[in-house]
Amino acid sequence: MFECDFIQILINIYNKVMFLKFTFVTLFPNLIEPYFYDSILKRAVDGGFISYEFYNPRDYTTNKHLKVDAQICSGGAGMLMTPQPLFDTLDDIKKKNSDAYIIFPLASAKAFRQNDAKRLAKKKNIVFVSGRYEGIDERVIEKYANEVFCIGEYILTGGELPSL
């Protein structure tokens, strides 16, 4: 999320005295959490305008080795995040919060714009599902995505940074 877009969300929250919860589904919460320790995000958390939480799909896998990836069925290089841990993670989130609005940051999606930020600022709980490896099994996206966004045309190592 571009910083100016996030600032707009915080202004909307402040002006309407709203509360927004961000939920991040990620294999690497330590890549995201430090962003909430400083600057405008820290002020928003300290002021009670936003909160955040993390869910790690590894905590939901039924694999004894805690694997969350598998080879791509159609062949080719790379690994894909498997559906089972994500299904269980997102089911748990939806069970705990029926207002959860699930977003998948994807390279092939429509571009995220200022109007999207204004509209999303009205949600109560935004869930960002951060992909890894070659991506997420499409069945997960089809079942759970309320929206998918792209934040730009460049290569990243995972979905954590686009979630911010």
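At 23% relative accessibility, Phe54 counts as partly exposed, a class lying between buried (under 20% relative accessible area) and exposed (over 50%), as computed with a 1.4 Å probe on protein chains only. The model is predicted, so that local features need pLDDT of at least 70 and side-chain atom pairs count only at pLDDT 80 or more, whereas totals for chains, interfaces and linings use all residues. Residues are numbered from 1 along each chain as its sequence is written, and side-chain values use heavy atoms, with hydrogens and water left out.

Tyr52 is likewise partly exposed, at 23% relative accessibility. The structure holds ten aromatic pairs, defined for rings of Phe, Tyr and Trp (its six-membered ring) by centres within 6.5 Å, with planes under 30 degrees apart counted as stacked, over 60 as edge-to-face and the rest as tilted. One of these pairs joins Tyr52 and Phe54 edge-to-face, at 5.7 Å centre to centre and 70 degrees between the planes. Helices (H or I, at least four residues) and strands (E, at least two) are DSSP runs numbered from the N terminus. Phe112 is buried, with a relative accessible area of 6%, and Phe149 is buried at 4%. Ring pairs also link Phe22, Phe24, Phe36, Tyr52, Phe54 and Phe128 into a cluster.

The charged end of Lys123 is over the ring of Tyr101, 4.3 Å from its centre, and that of Lys143 is over the ring of Phe87, 5.0 Å from its centre.

Asn125 lies in strand 6 (residues 125–129) and is buried, with a relative accessible area of 0%. Its side chain forms a polar contact of 3.0 Å with the side chain of Thr23; such a contact is a pair of N or O atoms within 3.5 Å, of which, within protein, one must be able to donate a hydrogen and the other to accept it, and residues adjacent in sequence count only if both atoms are side-chain atoms. The side chain of Asn125 also reaches the backbone oxygen of Lys21 at 3.0 Å.

Notes: Lys NZ or Arg CZ within 6 Å of the ring centre and 35° of its normal.
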